Amino acid sequence: MTWTKRRFIKTGLAAATGLAAVDSFWIEPFFIETNEFFLGKSSAGKFDMKVVQVSDIHIHSVNHQLKQLAQQLNTLKPDLILITGDAVDEAGNIHLLNTFLRLININLKKVAILGNWEYWGRIDLTALKHTYTENNCDLLVNESRQYSFRNKTIALTGVDDYIGGTADIDFALTTYRKSDYHIILNHCPQYSETIATQVPKTVPVDFILSGHTHGGQINLFGFVPFTPRGSGKYLKGWYNDNALNMYVSKGVGTSILPARFMARAEIAVFYMAT
């Protein structure tokens, strides 16, 4: 067979399209990268607290990916596992979330907030809270709680979802207690702009943890065709342009389309020390 320039280009494009499809549907959605951050004076062997963010699980089955994730969390042994919304998006899948959480060491403390899909999926929030409680997980909805590890205290302020619920940072901070560390959990990163203007200067905040965007989920070499409402100008990674530091997770699961491209699923590990 004689290869013409046109045939060569067509074959190359077809192969590239096929590889992209394989990556999008069968590779990126099922391999979770771990991003580690050493904050303050922390290092690999020196830290006050180890915190892991798990966001946007969108659980539809307890597949190999989630079983491996649970095993990894058990190996990491963090002080806190923070679930920043959209863990479950269909009312009938709460039992799957329970099955997944039961794979994680019960002694590992977990804290969760709500995302838009817990509302849009008409999730029974009472049943969801019960599931979390059974698995050593506190569900915070416009509430702040203090936890202690290694003689250090950390306040976690969880706000309700910005577009599905009623986010109220002012009310959430009414239960804030002065602590060595303070993290705000906020599913939709756009609401962080409001948080930045309403948190009193007397309430220190180390950083905000958000999710929701999935890192764009489909990223065409820098062009992201779609981000969900509530994302604002934020996509993934660190931001500090609103006087508060914020980390936006690409999340674990997928929404609407079961594919990712150049937006690898992730968990984030934060080592903290002063």
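In which loop does Arg150 lie? Arg150 is found in the loop between β6 and β7 (152–158).

## Basis of the model

This is a predicted model, in which local features need pLDDT of at least 70 and side-chain atom pairs count only at pLDDT 80 or more, while totals for chains, interfaces and linings use all residues. Residues are numbered from 1 along each chain as its sequence is written, and side-chain values use heavy atoms, with hydrogens and water left out. Helices (H or I, at least four residues) and strands (E, at least two) are DSSP runs, numbered from the N terminus.

## The open sheet

Strands of a sheet pair through backbone hydrogen bonds, either parallel or antiparallel. Here, two strands count as paired if DSSP finds at least two bridges between them. An open sheet of mixed pairing is formed by six strands, in the order β6-β7-β8-β9-β11-β10. Because β6 (143–149) and β10 (237–239) stand at the edges with a single partner strand each, one side of each has no neighbour in the sheet.

The antiparallel strands β10 and β11 (residues 246–248) are joined by three bridges. Trp238 stands opposite Tyr247 in β11.

## Helix α5

Leu128, Thr131 and Tyr132 of α5 are buried (under 20% relative accessible area, with a 1.4 Å probe and protein chains only; exposed means over 50%, and partly exposed lies in between). These residues cover an arc of only 95 degrees around the axis, as given by the directions from the helix axis to the C-beta atoms, which puts them on the same side of α5. Thr126 and Thr133, on the other side of α5, are exposed.

At the N-terminal end, α5 is capped by Asp124, with a side-chain oxygen 3.0 Å from the backbone nitrogen of Thr126. Just after α5, Asn136 has a positive phi of about 60 degrees.

## Positive phi in two loops

Most residues other than glycine have a negative phi. Lys77, although not a glycine, has a positive phi of about 50 degrees. Lys77 is placed in the loop between α2 and β3 and is exposed, with a relative accessible area of 60%.

Arg150 is likewise not a glycine and has a positive phi of about 50 degrees. With a relative accessible area of 47%, Arg150 is partly exposed.

Key
Polar contact = N/O pair within 3.5 Å; in protein donor to acceptor, adjacent residues only side chain to side chain.
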